[in-house]
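I opened my notebook to look up a few spots in this structure. Here is what I wrote down as I went.

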Amino acid sequence: MNDRFLRACSGEAVAPVPVWLMRQAGRYLPAYQEVRGKTSFLALCKTPELAARVTIQPVDILGVDAAILFSDILIPLEAMGVGLEFHEGRGPVLDPPVRSRRDVEALRPIDPQSDVPFVLDTIRILRRELAGRVPLIGFSGAPFTLATYLIEGGTSRSFVHVKRLMFEAPGLFHRLMGLLAEVATAYLQAQIRAGVQAVQLFDTWAGILARRDYEEFAFPYTERILAGLAGLGVPRISFVFGGGHLLDLIGTGSADVIGLDWRTDLSTAVARLGVGKVFQGNLDPCALFLPESALRERIKTIVKEGRRARAHIFNLGHGVLPEIPPEKARLVVDLVHEVSA
C-alpha cells in the first residue's frame, strides 16, 4: 500500500511528499462529467456505486497519494430535516432556513446507519475497490460552516443572517452549534467504522469571523468533534479556509494536521506554531494556470518550506477549479513527487 499520506499525518517526514487535491473528483475531469451528465449531483452523492467510481477516478488519472470520499458537506443537514437542493449557477438551497428558536428545535440528531446509509456503503465499496492502493479520507463540514448554510439558506456574501443570530441570540446560536457538533461527530465516527483511514473537517466559512468570535462561537465545537474522534486510530485534519488570522488559536487545538489556504505561507505557519506541527497545503488553485516552469518553482518553494515542519502533505489551498485542464492537475502531482523525492 502507498501509505506516505498516513505516515506524514502521523508526523513522519516522508519522501516524496504525499499529495492529494481538495475537490480532486469534480467537473474538471471529463470522466467525472461523463458520469455526472447522466444524473443529478445529489443523486450521484446518494448512489454508492457511482460515488465510488468518481472517487477513484483521480487516483487512476492523477496518481494522487490519497482518495477522498465523493460526497458533500451538506448531506447530513438534509437528514436533520431541512430540504436540500442543488441548482446550477446558484449552488445549494436549504429550505426552510433556520433563523428562529422554533427552527432550531425542529432539527434532529442523525443516526448515520439509517439516515445516510449510502455514504457508508460508498466507503465500504471504496475500501474493497481501492484494495489498499491508497488511503481513503472521509470528511464533514465543521459546525460553523454547516450553520452558515442552514441559517443563510445557501451560500452568502455578507453572512448577515448568521452574524445577526450569533449576536442577537447567542444562547440559541450555541444550542445550534452544539447540535451540529453532535451530528458531525456521529457522522465521522460512522465513516471511520465503515473504513475511512483519515478524516478532514472543512470549515470553509469560519474565516469570516473575527478572532474573538471564532474563539467563542466556532472553535470549541470543532474541538468537541476532534475530541469525539480521539482514540479511533485515524488522523484528524482541520482546514479553516481564510483562517490565517486564527492560526495561533487553531494551533492550540487537537487536530493532527493543520490545513492551510494559499494566503498563509508555510514558512509563516511554521514560525508561528513551531516545527512540531504537521501541515497540509497550500498552492493557490489558480496557480495551475501558470506555465510549467513557473508552476515548478511555486511547488519547489512550498516543498522547501514544508521541510521546516515536522511533516508536510502537499495540497491546494482550496479545491480544484472546474476550468483547470486535467493534465495540469496531473502535472502538479508529478512535480510534487519529482521535486520532493
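This is a predicted model: local features need pLDDT of at least 70, side-chain atom pairs count only at pLDDT 80 or more; totals for chains, interfaces and linings use all residues.

Entry one: Asn282. I found Asn282 in the loop between strand E8 (278–280) and helix H16 (292–306).

What does the side chain of Asn282 reach? I got the backbone oxygen of Thr264, at 2.6 Å. Then I listed what Asn282 touches, skipping residues up to four places away in sequence. Among them are Leu260, Asp261, Trp262, Asp265 and Leu266, and also Ile302, Asn315, Leu316 and Gly317.

I found Pro112 in helix H7, which covers residues 112–115. Pro112 comes out at 7% relative accessibility, so I put it down as buried. Leaving out neighbours within four places in sequence, I noted contacts from Pro112 to Pro117, Leu120, Ala186, Tyr187 and Ala190. I also checked Pro112 against Phe314, which is 202 residues away along the chain: their C-alpha atoms are 31 Å apart.

H8 has 14 residues (117–130), and at 1.5 Å a residue they should span 20 Å. The end C-alpha atoms are 20 Å apart, so that agrees.

Which residues of H8 are buried? I wrote down Phe118, Val119, Leu120, Thr122, Ile123, Ile125, Leu126 and Leu130. A reminder to myself: an α-helix has 3.6 residues a turn, so residues three or four places apart point the same way.

Key
Residues are numbered from 1 along each chain as its sequence is written. Side-chain values use heavy atoms; hydrogens and water are left out. Helices (H or I, at least four residues) and strands (E, at least two) are DSSP runs, numbered from the N terminus. A polar contact is a pair of N or O atoms within 3.5 Å; within protein, one must be able to donate a hydrogen and the other to accept it, and residues adjacent in sequence count only if both atoms are side-chain atoms. Contact means heavy atoms within 4.5 Å. The expected span of a helix is 1.5 Å times one less than its number of residues. Buried means under 20% relative accessible area, exposed over 50%, partly exposed in between (1.4 Å probe, protein chains only).
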